[in-house]
Amino acid sequence: MRLVKYLEQQVTPSKIVCVGRNYVEHIKELNNEMPEEMVLFVKPNSAISETLLSTDQEPLHYEAELCFLVKEGRFEGVGVGLDLTKRHLQSRLKTKGLPWERAKSFDGAALFSEFVPFDGDLDSLSFRLIVDGELRQQGDVALMLNRPEAMLAEIASFMTLEDGDILMTGTPKGVGQIAKGERFTLELYQGERQLVSQSWVAK
């Protein structure tokens with residue numbers, strides 16, 4: 001089983017629940033329809049990796065996201081992560097009305113920073129992705145169509161979240177293709193204070 005770090009401890013998520021199409025500008029950049037209800041999909045534990053891949057049968061695309069670690073049905077910790085996507089395959093699946101798992105849930109499709117405790121105002125959280133010194137993505141709770149508390153309630157209405165499960169809250173505009181050798185740095189802030197910084201070099 002794959003692990004993530006929280007308070008210097010190793011935690012084993014049973015699954016990762018992801019929210020899609022949660023930022024208006026990202027919906028526009030991919031020419032997707034505005035969802036009438038929350039878009040949810042799941043990545044298995046086996047998707048977690050510490051290695052940022054640039055290809056897996058096709059070029060991979062990055063999506064930076066604010067993430068929460070769940071315990072006893074509430075948010076226990078906060079971090080940032082990368083949702084990797086086989087964009088060409090996903091487009092073909094969407095055209096046929098098929099599920100996205102082949103494009104979203106493959107081994108190595110989820111990377112995470114460490115998670116840190118958080119019990120403050122969610123609106124104070126923001127994150128940004130820097131690739132080779134260039135700002136590619138930035139987002140915060142205020143830009144989301146669905147707030148994290150609403151996501152938690154919606155998921156709990158039909159699915160049990162086990163202790164250690166992770167919620168990925170969607171990506172803002174600025175997604176793109178990963179190039180081998182690029183250095184990705186994800187930073188998480190509470191107001192002006194940096195909580196987490198995590199870097200990977202694409203393989």
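Here is a walk through this protein chain, from its overall build to its charged pairs and a patch on its surface. What you see is a predicted model, where local features need pLDDT of at least 70, side-chain atom pairs count only at pLDDT 80 or more, and totals for chains, interfaces and linings use all residues. Residues are numbered from 1 along each chain as its sequence is written, and side-chain values use heavy atoms, with hydrogens and water left out.

Let's start with the whole thing.

Now, what's tucked away? Buried residues make up 53% of the 203 residues. Buried means under 20% relative accessible area, exposed means over 50%, and partly exposed is in between, using a 1.4 Å probe and protein chains only. Take alanine 109, in the loop between α3 (101-104) and β8 (110-112): with a relative accessible area of 0%, alanine 109 is buried.

On to the charges. Side chains of opposite charge can pair when their charged atoms come close. The structure holds 12 salt bridges, each a side-chain nitrogen of Lys or Arg within 4 Å of a carboxyl oxygen of Asp or Glu.

One of them joins aspartate 56 and lysine 86 (3.9 Å, N to O). Aspartate 56 sits in the loop between β4 and β5 (61-62) and lysine 86 in the loop between β7 (74-83) and α2 (87-95), so the pair ties together parts that are 30 residues apart in sequence. Lysine 86 is buried at 5% relative accessibility, while aspartate 56, at 22%, is partly exposed.

Another bridge pairs glutamate 182 with arginine 136 (3.5 Å, N to O). Here too, distant parts of the chain are linked: glutamate 182 is in the loop between β13 (176-177) and β14 (183-190), and arginine 136 is in strand β11 (residues 134-140), 46 residues apart.

Salt bridges can also be chained up: Lys43, Glu63, Asp83, Arg87 and Lys104 are linked in a network of them.

Technical notes. Helices (H or I, at least four residues) and strands (E, at least two) are DSSP runs, numbered from the N terminus.
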